Amino acid sequence: MAAHRKPRQRSLGGRTARTAFTLALAGVATATAFDGTGQAEPELTPAEVKAKVAKLYLEAEEATEKYNGVKERATAAEQRLKNLRDEAARKEEKLNSTRDALGSMAAAQYRDGGLDPAVQLALSDDPDRYLDGAAFAERAGDRQSAAVARVRGQLREIEQLRGAARVELTALRTRRAELQKQKETITGKLEAARGLLARLTAAERSRIGEGTGSGATGARASRGASGARTDLAAPSGAADAPNSRAAAAVSYAYSKLGSPYVWGATGPNAFDCSGLVLAAYRSAGVSLPRTTYAQIGVGQRVSRSELLPGDLVFFYSGISHVGLYIGDGQMIHAPNPSAPVRVAPIDQMPFAGAARVV
């Protein structure tokens, strides 16, 4: 029987070994690339970081305004739900009173209804008085029927209120889910922006105008954009405003220079963009809607050439940012988490429109 022999394996050497090693490395590199690991992200220049961060802030602000709108609707739904429940409770209390009266009437009827009316008449010492009593009992029966009808009506009303409350509760739960979604979007965008800025040195962040946005440094930066703080103590924009309420709003905005940006905030110590103008006019006794989308529809629309101090100025095609015009092409606004409330030129962002509130 012939022996089965394994073929001799040729040893790898020289060029053959080098070729195999090169191919192996290429295979590892390809596999790593497909796995998405081991591949360093390209280094971004400070200018590229600034552009990406600006885009993330814009997206975060769009989500913030959606959050503000949903929160406003959720608050309204909560109030409607409370009102419905309060009304249902009042009607239930009234229903209980009607039921008590109906029960007393039924008990009296039971006590007095043991004898046939004809027998009661025959045995009565005073038939005339009995007949008067019988007529009263008949009227009492009519009242009892009316009371039963009232109970039925009250039950229907209460059930309708409970149905409306269930609808409001469902709407409220939907709003709360939307709030959570927008909150996650906002925090995700802001975290991404912070991550990009963390790659830069402090000097690079300063050069591209992205400071910490908090504390004394942020306040000084905002004030330095338009002169010393003492120059802003008596703002000329307030004097040039078309009326006292617009002037009061401008003065309020000046008083909040250096306040931090916090999404969803409406003061008194922190603001987002729409929250700042809302608070400014609230201080002047004027109520504004919560979101930029609604604020642009308030009052009278004005062109850029017609702007006066106190006008609301809006930016971006989605109307996602707003500031308070103070004259000379300048506004006060709450920019984003990297910068506090400050003075800035309205040319800084794509102009979308303006509205005169009062």
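A residue is taken as buried under 20% relative accessible area, as exposed over 50%, and as partly exposed in between. The structure described here is a predicted model. On that scale, Arg-80, with a relative accessibility of 40%, counts as partly exposed. Glu-168, its salt-bridge partner, has a relative accessible area of 14% and is therefore buried. The N to O distance between the two side chains is 2.9 Å.

In total, 13 salt bridges were counted in the model. Among them, two involve Glu-59, one with Lys-55 and one with Lys-189. Between Lys-55 and Glu-59, the closest N and O atoms are 2.5 Å apart. Both residues lie in helix H2 (residues 46–112), and because they are four residues apart there, about one helical turn separates them. For the pair of Lys-189 and Glu-59, the corresponding N and O distance is 2.8 Å. This second pair links distant parts of the chain, as Lys-189 is located in helix H4 (residues 127–198) and Glu-59 in helix H2, 130 residues apart. Glu-59 has a relative accessible area of 22% and is partly exposed; Lys-189 is also partly exposed, at 25% relative accessibility. Through shared partners, the salt bridges of Lys-55, Glu-59 and Lys-189 form one network.

Strand S3 spans residues 321–327, and seven of its seven residues are buried, so the strand is largely enclosed by the rest of the structure. Strand S2 (residues 312–315) runs antiparallel to S3 and is joined to it by four bridges. Within this pairing, Val-313 has Gly-323 of S3 as its bridge partner. The hairpin of S2 and S3 has five residues between the strands, and Tyr-316 adopts a positive phi near 75°.

Strand S4 (residues 330–333) is likewise antiparallel to S3, with three bridges joining the two. Here Gly-327 is paired with Gln-330 of S4 as its bridge partner. The hairpin formed by S3 and S4 has two residues between the strands, and in its turn Asp-328 has a positive phi of about 55°.

Asp-311 is placed in the loop between strand S1 (300–302) and S2. With a relative accessible area of 1%, Asp-311 falls under the 20% limit and so is buried. A polar atom of the Asp-311 side chain lies 2.8 Å from the backbone nitrogen of Leu-308. When neighbours within four places in sequence are left aside, the contacts of Asp-311 are Tyr-281, Val-302, Glu-306, Gly-323, Leu-324, Tyr-325, Ala-355 and Arg-356. One of these contacts, Gly-323, is also the residue of S3 that is bridged to Val-313.

Technical notes:
Residues are numbered from 1 along each chain as its sequence is written. This is a predicted model: local features need pLDDT of at least 70, side-chain atom pairs count only at pLDDT 80 or more; totals for chains, interfaces and linings use all residues. Side-chain values use heavy atoms; hydrogens and water are left out. Buried means under 20% relative accessible area, exposed over 50%, partly exposed in between (1.4 Å probe, protein chains only). Two strands pair if DSSP finds at least two bridges between them. A polar contact is a pair of N or O atoms within 3.5 Å; within protein, one must be able to donate a hydrogen and the other to accept it, and residues adjacent in sequence count only if both atoms are side-chain atoms. Contact means heavy atoms within 4.5 Å. A salt bridge is a side-chain nitrogen of Lys or Arg within 4 Å of a carboxyl oxygen of Asp or Glu.
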